[in-house]
Amino acid sequence: MLQSGIFAVVMAAVVILAILSVLLLYLIIRKYMENKTMRKIEIEKDRMNPLLYTYISEGNITRELSTESLVKKRAIENLLRKYSEILVDVQAKLRIEEMAQCHLSTYYVKELNSRQWSKRMNALYHIEDFKLTSLQQPVMHCLQKNNAAKEEKFVCLRILAAFQMNGIHDMLTNEYTNLSDFEYRSILMKLNENHFEFFIAGFHRMDANLQYAVLEVMGVKKEINYVPFLESVFQANKGELRLRALKALASIGYVKDPDKYSFLSRSESWQERMMAAKLFGVVKEESFLTALKDLLHDRSWYVRSQAGQAMTLIPKGYQLLHQILENSEDPFARDMAWEWINKGES
């Protein structure tokens, strides 16, 4: 009985060892093949690079830039990505996109239909980088697949927005309503003004995350023509929506009547007091120094810090900071005044 038990253990160990040996051999062979492929890609890159550079810089194309094999496709893909990252010339960018369209579009369509998630995502990122607008339909098909992962759908929507696809507004407001405000913002940032206007027009019918994203995009773009809309959102709402509108106004740095916002320095919300301090700083009116002085004595560190920074942006602000440093009985206000005085002088 004991011998049969020992025999079973030994056989199990042999089987496990055999499986591990086969797995190790597989990994070694796979690594060898990957390294061999990478060496071939590097050789092709060395051969293609001068030809590709001549085309991108001068527009002279040659038949030697053929990509009939996968190795050559990956080689030219790597080179085009490198040039796309470092070149800013508009004509050069267009030639990079034309080359990608000519040599890689069919390859990317095939990759989008792969069962491997990593291959589909890699293809999507390259379609986005190279601005392959001719692949709008394959990207749309990828988006509508039942097995598409959430991240996959997000990237597809971002690409379609970058391509200024008609109907992107309806897709985001009716079909794809479970995205975060960060994801919505990334998508909206790709839209031109004409498409973005649809989201402004339908703002009050949208989900909260999409509303937040619209307001954040306005703050990032810093267009003065957004100010009336942002002020109306601020005045008509409470809570997070009101705060986001105020944040966007502070980012733009302009309001029609700054005095209408002075009451925010006494708001019960520390976030509103902080945003008010930021707004007072960017409008740079000395009349706000009294409110900022009070905010420098606020119980919230974030409010005090923003008030101190705002005071450095206003004429006579440094003078007031010195007065607070010398005369205030609040040690926290003195510390914050000292901090911003030294930041401004460094």
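This report describes a helix pair and the aromatic ring contacts of a predicted model.

## Packing of α10 and α12

Helix α10 spans residues 208–221 and helix α12 spans residues 239–252; their axes come within 8 Å of each other and cross at roughly 10°. Because angles under 35 degrees count as roughly parallel, α10 is roughly parallel to α12. The crossing of α10 past α12 is left-handed.

On the α10 side, the contact is made by Q211, Y212, L215, E216, M218 and G219. Their counterparts in α12 are E240, L241, R244, A245, A248, S251 and I252. Sorted by class, this contact of α10 with α12 comprises seven nonpolar, three polar and three charged residues.

## Aromatic pairs

Eight aromatic pairs are present in the structure. One of them joins F203 and F229 in an edge-to-face arrangement, with 5.1 Å centre to centre and 90° between the planes. F203 belongs to the loop between α9 (193–201) and α10, whereas F229 belongs to helix α11 (residues 227–236), so the pair ties together parts that are 26 residues apart in sequence. Both F203 and F229 are buried.

A stacked geometry is found for the aromatic pair of F280 and F288, whose rings lie 4.2 Å apart centre to centre with 10° between the planes. Both F280 and F288 are buried.

## Ring cluster

Ring pairs also link W270, W301 and Y302 into a cluster.

Methods: Residues are numbered from 1 along each chain as its sequence is written. This is a predicted model: local features need pLDDT of at least 70, side-chain atom pairs count only at pLDDT 80 or more; totals for chains, interfaces and linings use all residues. Side-chain values use heavy atoms; hydrogens and water are left out. Axes are lines fitted to C-alpha atoms, for helices over the stretch in contact, and angles run from 0 to 180 degrees between N-to-C directions. Helices (H or I, at least four residues) and strands (E, at least two) are DSSP runs, numbered from the N terminus. Angles under 35 degrees count as roughly parallel, over 145 as roughly antiparallel, 65 to 115 as roughly perpendicular and the rest as oblique. A crossing is left-handed if the near helix is turned anticlockwise from the far one by less than a right angle, and right-handed if clockwise. Contact means heavy atoms within 4.5 Å. Ala, Val, Leu, Ile, Met, Phe, Trp, Tyr, Cys and Pro count as nonpolar, Asp, Glu, Lys and Arg as charged, and the others, Gly among them, as polar. Rings of Phe, Tyr and Trp (its six-membered ring) pair if their centres lie within 6.5 Å; planes under 30 degrees apart count as stacked, over 60 as edge-to-face and the rest as tilted. Buried means under 20% relative accessible area, exposed over 50%, partly exposed in between (1.4 Å probe, protein chains only).
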